[in-house]
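Here are a few notes to read alongside the structure. Take them one at a time, and keep the 3D view open as you go.

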Amino acid sequence: MLSTTAVAPTTSASAAASAPAAAQRPAYRCGMDVFGHTASGRIKFRRVENARVEVSKTSRGTVDWRPISWALVSLNRWPGTETTNQLVAATDGKVRLVETEWHTGSALDVRVSKIVGRGYPSRRVSVTDGHIYWVAADGSLHRKTWNGARFVRPMKLPVSLSTATAMTALETDFGRLVYYTDRAGALHVVADDGPNSTDTVLRSSGYGKITGLRVGSCISRDYSGQRYDLGLLSVNRKRGVARFQRALRAAAAEPGRVTKAVRVRPSDWTWRRLG
């Protein structure tokens with residue numbers, strides 16, 4: 001930033017050295033809270049900002065259900081402490097309302113409050129804070145609305161996800177979006193507009209080995225405002241690799257391109273399921 005005074009500013013050696021690094025810092029912060037579980041049944045949590053893991057927690061105990069999709073319903077945060085309520089779809093076809101809690105230096109606590117849904121698929125299902133999406137046996141995409149107590153108002157959307165391999169959904173200020181990969185390795189986005197819903201291919205290849213997807217919103221680095229691009233996290237659990245990229249112009253009538261994928265550090269994403 002230019003000085004507003006007539007006197008030329010002096011620059012220390014340390015400030016000069018840090019200037020190139022600051023210039024390279026991205027102008028955005030894309031955040032994603034990602035849950036998964038280990039083979040032993042412990043729940044794992046990672047908070048990802050752009051291409052780096054900022055928080056990593058593992059539960060003390062184990063669960064006998066296998067979560068596949070998580071959605072934040074409410075959050076309470078204090079310095080060093082965070083509690084949430086989450087909607088969690090699992091491979092047993094049930095949706096649970098789950099409370100999580102963690103403190104700096106401690107493990108993750110996970111407590112089931114109640115079961116709020118049953119009869120959903122074991123894999124191709126995704127929850128948001130307002131809806132649940134799932135792929136039926138005939139490949140059609142369905143959704144129901146969360147009213148704070150249960151899922152209501154079922155609707156069949158006019159798109160087919162019969163070849164979907166991984167999916168994730170997000171409620172945004174500019175609409176409801178479902179991202180998914182297919183067997184051909186393509187990346188798609190479905191804009192949920194009820195009977196006028198559309199399915200757009202964002203990339204035609206490169207996602208053939210993806211087994212988990214997560215999407216999150218982006219804001220300006222200085223927190224001055226929301227951006228109209230979204231962060232995408234794609235995971236190959238077999239190889240333990242996660243990659244971050246942005247979906248640009250996500251609010252546009254015709255979605256824009258996605259940026260080049262960057263590997264997330266640290267690696268080792270070997271969870272059996274990723275929400």
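1. Is Cys 30 buried or exposed? Cys 30 has a relative accessibility of 0%, and buried means under 20%, so this residue counts as buried. Please keep in mind throughout that you are looking at a predicted model.

2. Now find the partner of Cys 30. Cys 30 and Cys 218 form a disulfide, with 2.0 Å between their sulfur atoms, and the structure's disulfide count is 1. The two cysteines belong to distant parts of the chain: Cys 30 sits in strand β1 (residues 28-37) and Cys 218 in strand β16 (residues 212-220), 188 residues apart. Cys 218 is buried too, its relative accessible area being 0%. Look along the S-S bond of Cys 30 and Cys 218: the torsion is about 105 degrees, so the disulfide is right-handed.

3. Next, turn to the open space. The largest pocket has a volume of about 940 Å³. Its lining counts 34 residues, and those closest to the pocket's centre are Gly 31, Met 32, Asp 33, Leu 72 and Ser 217. By kind, the lining of the largest pocket divides into 15 nonpolar, 8 polar and 11 charged residues.

4. Charged side chains deserve a point of their own. Side chains of opposite charge can pair when their charged atoms come close. The structure holds 13 salt bridges. Salt bridges with shared partners join Asp 33, Arg 47, Arg 77 and Glu 82 into one network.

5. Which residues meet Asp 192 in a salt bridge? One is Arg 143, at 2.6 Å from N to O; this pair links strand β10 (residues 140-146) with strand β14 (residues 187-192), and its members are 49 residues apart. Another is Arg 176, at 2.9 Å from N to O, which lies in strand β13 (residues 175-182), 16 residues from Asp 192. Asp 192 is buried at 7% relative accessibility and Arg 143 is buried at 8%, whereas Arg 176 is partly exposed at 24%.

How values were computed: Residues numbered from 1 in each chain as written. Predicted model: local features only at pLDDT ≥ 70, side-chain atom pairs only at ≥ 80, totals over all residues. Heavy atoms only, no water. Disulfide = S-S within 2.5 Å. Helix = DSSP H or I, 4+ residues; strand = E, 2+ residues; numbered from the N terminus. Buried < 20%, exposed > 50% of the residue type's maximum accessible area, 1.4 Å probe, protein only. 1 Å grid on protein atoms, 1.4 Å probe; cavity = no way out; pocket = protein on both sides within 12 Å on 5 of 7 lines; lining within 4 Å. Points joined across faces, edges and corners; volume = space filled by probe spheres on them. Nonpolar A, V, L, I, M, F, W, Y, C, P; charged D, E, K, R; others polar. Salt bridge = Lys/Arg side-chain N within 4 Å of Asp/Glu carboxyl O.
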